[in-house]
Amino acid sequence: MLYKARTKSKELLIMELLNTRMDYEGEVLFDALTEKLQCECIILNDLLLNINNTNFQIDSLIITSEKNYLFEVKNYEGDYYHESDMLFKITKSEIINPLHQLNRSNYLLRQLLLNLGFNPQIDASVVFINPNFTLYQAPLDKPFIFPTQLDQYLDKLNTKPSKLNRKHKKLADKLISLHITESPYQQLPSYDYEQVRKGITCVQCKSFSIYIEGRKCVCKECRHEELVTASVMRSVKEFKLLFPDHRITTNAIHEWCQMVPSKKRIRRILNNNFNQVGVRQWTYYE
Ligand SMILES: [Zn+2]
């Protein structure tokens, strides 16, 4: 049973807008798989928790009657090799240590569960979700789940007898109540209007390859279509999120969206969706 969906914090939304290549897709892919679990379990996705002034992030936690399953989801793509607990990307000098993050969350979650008086038994694994991921020299004794093993792993979990009671629900509710939505520690990179790429992005594939055909915005990459009004409004929302101090004016949004040639069209959309403040060239929208 999905009990807490993955909702994005404001910082994360901004991060995503600033950086179209986020490591979020893998987690969503994993959510889609765990959602299909039929066994009695509670799934909590994307928790940001704190214990003793230390924040830690949990990609996915599955509560069953026997124990808790903690998953760190990685969307790495390409060829890596494993050496002394580190992963090295073969073509680049990139080094990562997903176990470090997993062990940290595992340790901190265990402390938290003990403090709250719940079953502290945790089975922690790193899930490599990308089908195009290969790990050479993969050790047998590490809690890694590879793309080819994932179905089997979840099948096994599914057949484990699990009977949830009030205590498990209480644990889930407690963790959700402790979830931090606005992290004061999360640092956003500094950015200004000039640096940020303008234009409407495709709602489906995030590309900037949009053209307008009649009432619709069409994506050259994935052929997705969206009404111009919806595309403009989505872009206004992004503009507001990125630049809360900027006023929403016809000129500002015309420049922000780039590919809508007519200012009149922008003005009409803003008029229909916002309250107009001021008159003529001093008009802005709220
Ligand atoms: Zn597209």
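Author: With axes. An axis is a line fitted to C-alpha atoms, for helices over the stretch in contact, and angles run from 0 to 180 degrees between N-to-C directions. Keep in mind that this is a predicted model.

Reader: At what angle do the axes of H3 and H5 cross?

Author: Roughly 115°. H3 covers residues 98-116 and H5 covers residues 166-178, and their axes come within 12 Å. The crossing is right-handed.

Reader: Which residues of H3 and H5 meet?

Author: From H3, Leu112, Leu113 and Leu116. From H5, Leu171, Lys174, Leu175 and Leu178. By class, the contact has six nonpolar residues, one charged and no polar.

Reader: What span should H3 have, and what does the model show?

Author: Count 1.5 Å a residue. The 19 residues of H3 should then span 27 Å. The end C-alpha atoms of H3 are 27 Å apart, so the two values agree.

Reader: What follows H3?

Author: Glycine 117, with a positive phi near 80°.

Reader: Which residues in H3 are buried?

Author: Pro98, Leu99, Leu102, Ser105, Leu108, Leu109, Leu112 and Leu113. Leu112 and Leu113 also meet H5.

Reader: Why does serine 105 count as buried?

Author: Buried means under 20% relative accessible area. Serine 105 has 3% relative accessibility, so it counts as buried.

Reader: What is serine 105 in contact with, leaving aside its neighbours within four places in sequence?

Author: Phe56, Gln57, Leu70 and Glu72.

Notes: Residues are numbered from 1 along each chain as its sequence is written. This is a predicted model: local features need pLDDT of at least 70, side-chain atom pairs count only at pLDDT 80 or more; totals for chains, interfaces and linings use all residues. Side-chain values use heavy atoms; hydrogens and water are left out. Helices (H or I, at least four residues) and strands (E, at least two) are DSSP runs, numbered from the N terminus. A crossing is left-handed if the near helix is turned anticlockwise from the far one by less than a right angle, and right-handed if clockwise. Contact means heavy atoms within 4.5 Å. Ala, Val, Leu, Ile, Met, Phe, Trp, Tyr, Cys and Pro count as nonpolar, Asp, Glu, Lys and Arg as charged, and the others, Gly among them, as polar. The expected span of a helix is 1.5 Å times one less than its number of residues. Buried means under 20% relative accessible area, exposed over 50%, partly exposed in between (1.4 Å probe, protein chains only).
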